[in-house]
Amino acid sequence: MNRNEWSLAKEVAVKAASKAGDLAREHFGGKLTVQHKDERGDLVTEVDVKADRLIVDEIMAVFPTHRIYSEEAGEGGAASDWVWHVDPLDGTNNFALGIPLYGVSISLSYQGRIVLGVVHDSALGITYAALKGEGSWQDGIQLAAKPSGALAKSTLSWIQGHAVGKDDQGALTLRHHLEHSVKRVLRMWAPSLTWAMLARGDLHGIALYNSEGEDLYAGLLLAQEAGVKVTDFDGNSLDLLGEAGAAGEGANARCNEGVGNGQGKPAYIVAAVPEYHAELLQIVQQAIK
């Protein structure tokens with residue numbers, strides 16, 4: 001794919017995300033069929049399933065030779081270096097509870113590197129999009145993450161994966177330490193919208209603990225293209241999908257996780273603009289040493 005095809009992929013993703021967002025908004029606050037996906041209590045509604053199919057169909061109609069991983073349908077498409085990740089309703093628990101914090105996350109990667117990210121705030125009808133090397137945009141306005149003020153007086157966000165249990169001492173210790181180090185630690189339970197806030201400069205940083213893929217990659221690129229520095233817990237910059245889960249002798253190893261490959265593998269991430277990143281990374285490392 002050349003840059004023109006990247007632009008086409010962006011158009012397709014933006015259109016699909018907007019349609020899925022409209023579908024969710026039409027059903028928001030209405031009677032839903034809610035089911036538990038697993039023993040952890042994660043929810044799925046009929047809107048998740050319909051939105052997932054809508055997005056997959058839109059993408060496959062234009063890029064039938066690509067691979068696709070979606071939250072509800074799983075793996076599909078052809079074997080390819082081009083891989084899409086789709087979360088059709090990020091924030092399902094919020095959606096089911098009538099909390100207007102839910103969205104759509106669509107990303108495209110080539111040989112493990114994220115080249116396109118689209119996040120759609122379904123409740124507000126706002127679309128964020130980023131192409132590798134071309135910046136992050138909110139409905140035609142370029143984003144530049146420029147928070148100000150001391151980190152100790154700032155708001156951070158905490159994102160954790162579905163697999164993190166209530167007794168995970170690593171998560172408990174780190175979150176407790178963050179809450180005592182800054183003014184506020186926000187938990188939105190809609191990761192893609194959290195990354196959009198970081199890209200806008202509304203948050204000073206994100207600490208992500210053992211989180212997975214479909215609702216991560218689009219927002220991660222959005223933040224990077226807006227000037228955010230993204231590393232693992234050891235301070236290593238991230239390029240390939242799954243690198244944030246790589247275990248060595250440092251901080252990531254102490255979190256007891258293995259190598260990720262970008263298909264739902266766990267990640268440990270510190271994200272902030274360069275001005276604040278070193279300080280936030282130090283706070284994280286103090287908690288997990």
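**Exercise 1.** At what angle do helix 4 and helix 8 pack, and how far apart are their axes?

*Solution.* The model is predicted, so local features need pLDDT of at least 70 and side-chain atom pairs count only at pLDDT 80 or more, while totals for chains, interfaces and linings use all residues. Residues are numbered from 1 along each chain as its sequence is written, and side-chain values use heavy atoms, without hydrogens and water.

Step 1: locate helix 4 at residues 169-181 and helix 8 at residues 274-288; helices are DSSP runs (H or I, at least four residues), numbered from the N terminus.
Step 2: the packing angle is about 135 degrees, and the axes lie 9 Å apart.
Step 3: helix 4 and helix 8 are therefore oblique to each other (under 35 degrees is roughly parallel, over 145 roughly antiparallel, 65 to 115 roughly perpendicular, the rest oblique).

**Exercise 2.** Which side chain meets Lys 19 in a salt bridge?

*Solution.* Step 1: apply the criterion, a side-chain nitrogen of Lys or Arg within 4 Å of a carboxyl oxygen of Asp or Glu.
Step 2: the partner is Glu 58, at 2.8 Å from N to O.
Step 3: Lys 19 lies in helix 1 and Glu 58 in helix 2, so the pair ties together parts 39 residues apart in sequence.
Step 4: Lys 19 is partly exposed at 35% relative accessibility, whereas Glu 58 is buried at 19% (buried is under 20%, exposed over 50%, partly exposed in between, with a 1.4 Å probe and protein chains only).

**Exercise 3.** Where do Arg 53 and Asp 57 lie?

*Solution.* Step 1: both residues are in helix 2, 4 residues apart, about one turn of the helix.
Step 2: Arg 53 forms a salt bridge with Asp 57, with the closest N and O atoms 3.0 Å apart.

Terms used
Axes are lines fitted to C-alpha atoms, for helices over the stretch in contact, and angles run from 0 to 180 degrees between N-to-C directions. Helices (H or I, at least four residues) and strands (E, at least two) are DSSP runs, numbered from the N terminus.
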